[in-house]
Amino acid sequence: MKLFDVYPINDITIVRAKDVYVWDENGVQYLDMYGGHGVISIGHTHPHWIKRIEEQLNKIAFYSNSIKNPIQKELADKLGKITGKDSFQLFLCNSGAEANENAFKLASFHTGRKKLIAFSKAFHGRTSLAVAATDNPAIIAPVNETGNVVFLPYNDEHALREYFQKHDSEIAAVIIEAIQGVGGIAVATERFLQTIRQLCNENGALFIADEVQCGYGRTGKFFCLDHANVEADIYTMAKGMGNGFPIGGILIAPHINPKHGMLGTTFGGNHLACAAALAVLEIIEQDELIEKAKQRGQYLMNELKKIDGLQDIRGKGLMIGFDVIDELKELRKHMLQKHHVFTGEAKPNVIRLLPSLSISRKQLDEFIGIMNEAIEELSPHPLKENFARVE
Ligand SMILES: Cc1ncc(COP(=O)(O)O)c(C=O)c1O
């Protein structure tokens, strides 16, 4: 049987991984600056993560949500402690799209309203409402089209105020990535995030923070929204949560009341996924990975700024993006094929870096060295003579 051909695939077979390195079937080592779309948070195959999963596997891997599951409560308590949001409630699912899907549904149940505000270049996933709130017509099937989602320009306070003025009593929720990932590492201003909070408060709408990519410590705070001192009503999480074990979840403010049957899932919150997620939080805490993400991110950003040919270096912590000048548009491919470094992309010429939060200074220096070499190889003349650097 053929695999359904929906992914553009690199001709590489990865068979082994450790920390920030992966190896192919010929034993070639790759430096992983992308963590398989920002999923690897504590490092590939972390020994504590393996041990926790193995121990759980030997006890019980799965039972449905119709029985008590103390490991879910353990995860909720740990998340409450690490986020400082003890009073919030946790609902567990399996992916980022599912987390957003549940957040939208909950916002609609809670407010009795239908309209959702999302922003230009947003990516919220591929299930029905999540994809309807994703600003990419190519991945929205006719059945996903709904008149209930409106896209407003990112960081445009005026447009948001105007929309709220016209539709105040219809808006169920505003969803935003405080740093857009797939959209190319666009950073929301603190003022814009504060305005969303204010308008939601005034109009009875819910603020949904999509922290699937920018959350879980990646930007140097647990939630990216924390940088703006703003609290959302619902936080959606996935990628870094299981370090590769599929798990997602939403944190729900105390003023939103649950009702039996309102949300549900067969696999979400299973014993094995919770064990993986607990291992991740234990390592984040023990190795102070959130502080490290902040410091290492700052270091990486400063080093990138010294390289000619890279423009508009932006982001926070270990969520960094930059544009490459047209002459270097093959840089990402070249770094992968010749120098064996995985990075991410966003169209047209953006390189995205989402390495494990455990990455060391030495490994960052290794990456910077490779970047310099790769740029040198791709440049017909020294870049300094030819291109003005845009700060
Ligand atoms: C911000 C954001 N939200 C949601 C999703 C969807 O997550 P998943 O692929 O786990 O469904 C992604 C995936 O890239 C994402 O970046």
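Me: Is β12 as a whole enclosed or open, and why?

Reply: With the cut-off for buried at under 20% relative accessible area, five of the five residues of β12 (248-252) are buried, so the strand is largely enclosed by the rest of the structure.

Me: Which strands does β12 pair with, and in what sense?

Reply: One is β4 (residues 89-93), joined to β12 by five bridges and running antiparallel. In that pair, Leu92 stands opposite Gly249. Another is β11 (residues 234-237), which pairs with β12 over four bridges, also in the antiparallel sense. There, Thr236 has Ile250 of β12 as its bridge partner.

Me: On to sheets. What is the strand order in the sheet that holds β13, and how is it paired?

Reply: Read the order across the sheet: β13-β14-β17-β16, an open sheet of four strands with antiparallel pairing. Its edges are β13 and β16 (344-346), each pairing on one side only. From one strand to the next, the twist averages 25°. A helix packs on this sheet too: α9 (residues 289-305) touches β13, β14 and β17, and its direction makes about 170° with that of β13.

Me: Which sheet here has mixed pairing?

Reply: Look at the open sheet of four strands ordered β1-β2-β3-β15, where the pairing is mixed. The edge strands are β1 (14-18) and β15 (341-342), and each pairs on one side only. Two bridges join β3 (residues 29-32) to β15, and those strands run parallel. Asp32 stands opposite Phe342 of β15. Helix α11 (residues 361-378) packs on this sheet, touching β2 (21-24), β3 and β15, and its direction makes about 105° with that of β3.

Me: Now helix against helix. At what angle do α6 and α7 pack, and how far apart are their axes?

Reply: Helix α6 (residues 157-167) and helix α7 (residues 190-203) pack at about 10°, with axes 10 Å apart. Angles under 35 degrees count as roughly parallel, and α6 and α7 are therefore roughly parallel to each other.

Me: Which residues meet in that contact?

Reply: From α6 come Glu157, Leu160, Arg161 and Phe164; among those they meet in α7 are Arg191, Phe192, Ile196 and Leu199. The residues of the contact divide into six nonpolar, three polar and three charged.

Me: Let me try a single residue. Where does Phe62 lie, and what does Phe62 touch?

Reply: Phe62 lies in the loop between α2 (47-59) and α3 (70-83). Not counting residues up to four places away in sequence, Phe62 touches Thr266, Phe267, Asn270 and His271. Phe62 is partly exposed, with a relative accessible area of 34%.

Me: Last one: what pLDDT does the chain average, and where is the pLDDT below 50?

Reply: The protein chain averages 96, and 97% of the residues score at least 70. Over residues 386-391 the pLDDT is below 50, though this stretch has 11 contacts in the model beyond near neighbours in sequence. Where pLDDT is low, the predicted coordinates should not be read in detail.

Key: Residues numbered from 1 in each chain as written. Predicted model: local features only at pLDDT ≥ 70, side-chain atom pairs only at ≥ 80, totals over all residues. Heavy atoms only, no water. Pairing = 2+ DSSP bridges. Contact = heavy atoms within 4.5 Å. Axes fitted to C-alpha atoms, helices over the stretch in contact; angles between N-to-C directions. Parallel < 35°, antiparallel > 145°, perpendicular 65-115°, else oblique. Nonpolar A, V, L, I, M, F, W, Y, C, P; charged D, E, K, R; others polar. pLDDT = per-residue confidence, 0-100. Buried < 20%, exposed > 50% of the residue type's maximum accessible area, 1.4 Å probe, protein only.
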